[in-house]
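Here is a friendly note to read alongside the structure. Please keep the view open as you go through the points.

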Amino acid sequence: MRWVRLKDALPGVVLTEDLKDEQEGVVIFKKGKKLSNADIALLKSKWNVSWLPVETLDEIEEGNYNAVDATLSSAIELKRSIYIEKMRELPDYEVPTTISVEIIKKALDTVERIVEEIDERGAFNPQSVKRIVSEVVNEIQEKESSNIQPILLKLRDYSDYTYTHSINVAMLSLYLGINLDLNRENLISLATGAMLHDVGKCKIPKEILFSERKLTPKEFAIIKKHPIFGYEIARESSLNDRNAEEMILDHHERLDGSGYPRGKKGDEISFFTSIVSIADEYDAITTMRAYSNARNPYIAVSAIIEDAGLGKLNPDVANVLVKSMGIYPRGTVMYLSDGSKVVAIQQNPGMLVRPIVRVLESEKFEKGERLDLSKIDLIIESVIKKNETQ
Ligand SMILES: [Fe+2]
Ligand SMILES: [Fe+2]
């Protein structure tokens, strides 16, 4: 079973549980009901429902496929293919990819399996994590480290958040780790901790984790326990990697003591953890979340610079992030001084304020044209907020 938001649901979805009004508790539709367009419209207008429990891809593949209509199957295809499609688009952006689609897919499978194992027996197989992490590190180390850019998976479905977020934070942490010259052994620990940093969220009730409304202080306190739950799961699973365990427990701690769960300070927080915290914040800001909209990569980098300035995040790691991602990271949409609307596609080393961009709309340039802002006489005038771009 997976959860989809009512506003994203397409006709043809089949409920895997009785659907109840979230405030009144009355059953609206029975388990097994296939929702039509009219049913979805009714739910939107008459009931307090924000999430629907629906079949997973696997359940549908296991024999139920004919029961769903074409609309649904195309919606479900999204679950897997979206990451891959996103990445296939990238060669067009002329940015060297960090790792292959096959490995990303394997990593996603591993994270999904870990979550299932935890649901079943409260622990996961640490070997499967180490195996995929060392494959990823091998592949990254084979490439010129100066020539890579992390590819962050786009989230299209909240129920996939845990998976895509784990992989993104692992990739981004590795990318930072390489730029900080960590050795292979340390990179493996770093990616292991990063991939598992939010594993404790498996123990948080979905209604709280994916809540669309503002959380009550009590619910927020429950969410804040996920680092402790994660640490316990890692111990229970005999991960036997102290660095990774610390990253799981401390990734929400901040150097000035303002973090949670323990309010640790300065040296009590490891360097590895500082890397994961920054990768985590970057991905959290740029990814759509249940309780806040996705924001521009520019906003994420600015927030990290600000938090480093406030003494919360490690300034050395933040500097590496800025140097490597640039001030206008890939994906940032902006207006140039002649009114052209462009998207950043690549950094210009040493010229952080003049990235390479692709034209989205312009009176002067062709749509899709590639411009190197270090070579032309135009400057970035403003950055467009995410909701303005779509
Ligand atoms: Fe977390
Ligand atoms: Fe996280």
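The numbered points below go from the whole chain to single residues.

1. **Ground rules.** This is a predicted model, in which local features need pLDDT of at least 70 and side-chain atom pairs count only at pLDDT 80 or more, while totals for chains, interfaces and linings use all residues. Residues are numbered from 1 along each chain as its sequence is written, and chains are lettered from A and ligands numbered from 1 in the order in which they are written.

2. **The whole chain.** The protein chain holds 15 helices and nine strands. Both are DSSP runs numbered from the N terminus, with helices being H or I of at least four residues and strands being E of at least two. Of the 390 residues, 39% are buried; that word applies when 20 or more other C-beta atoms lie within 10 Å of a residue's own, whereas exposed is 12 or fewer, partly exposed is in between, and C-beta atoms are placed from the backbone. Take the contacts between residues at least 6 apart in sequence: 63% of them join residues at least 24 apart. A contact here is a pair of C-beta atoms, placed from the backbone, within 7 Å.

3. **The largest core.** Which residues touch the most other members of the largest nonpolar core? They are Leu174, Ala191, Ile278 and Leu321, out of 74 residues in that core. Helix 6 (residues 161-179) gives the most to this core, with 10 residues. Domain 2 (94-325) and domain 3 (333-389) each supply at least three residues, the domain bounds coming from an automatic or database domain assignment. A nonpolar core is a set of buried Ala, Val, Leu, Ile, Met, Phe, Trp, Tyr and Cys residues joined through C-beta atoms within 7 Å. In soluble globular proteins, nonpolar side chains tend to be buried together.

4. **Ile278 and a second core.** Beyond its neighbours within four places in sequence, Ile278 is in contact with Leu176, Ile304, Leu313, Val317, Ala318 and Leu321. There is also a second, separate core of 10 residues, with Leu15, Leu19, Leu35 and Val49 among them.

5. **Helix 7.** Please look next at residues 184-196, which form helix 7. Its 13 residues should span 18 Å at 1.5 Å a residue, and the end C-alpha atoms are 18 Å apart, which agrees; the expected span is 1.5 Å times one less than the number of residues. Is helix 7 largely enclosed or open? Of its 13 residues, 10 are buried, so helix 7 is largely enclosed by the rest of the structure. The buried residues include Leu187, Ile188, Gly193 and Met195.

6. Five strands form an open sheet in the order 8-7-6-5-9, with antiparallel pairing. Strand 8 (370-372) and strand 9 (380-383) stand at the edges with a single partner strand each, so one side of each has no neighbour in the sheet. From one strand to the next, the twist averages 40 degrees, taken between N-to-C directions of axes fitted as lines to C-alpha atoms (for helices over the stretch in contact), with angles from 0 to 180 degrees.

7. **Pairing in detail.** Strands count as paired if DSSP finds at least two bridges between them. Strand 5 (residues 333-336) pairs with strand 6 (residues 341-346) over three bridges, and Met334 has Val342 as its bridge partner. Four residues lie between the strands of this hairpin, where Gly339 takes a positive phi near 90 degrees. Strand 6 also pairs with strand 7 (residues 356-361), over five bridges. There, Val343 stands opposite Arg358, and Gln346 has Ile356 as its bridge partner.

8. **Loops worth a look.** The peptide bond from Tyr260 to Pro261 is cis, with omega near 5 degrees; Pro261 lies in the loop between helix 11 (242-250) and helix 12 (271-286). In the loop between helix 10 (226-236) and helix 11 sits Ser238, which has a positive phi of about 55 degrees although it is not a glycine. Ser238 is exposed, with 12 other C-beta atoms within 10 Å. Asn240 lies in the loop between helix 10 and helix 11, has a positive phi of about 50 degrees, and counts as exposed with 11 C-beta neighbours inside 10 Å.

9. **Thr164.** This residue is found in helix 6. Thr164 counts as buried, with 22 C-beta neighbours inside 10 Å. Thr164 and Val111 are 53 residues apart in sequence and 9.0 Å apart in space, C-alpha to C-alpha.

Note on methods:
Contact = placed C-beta atoms within 7 Å.
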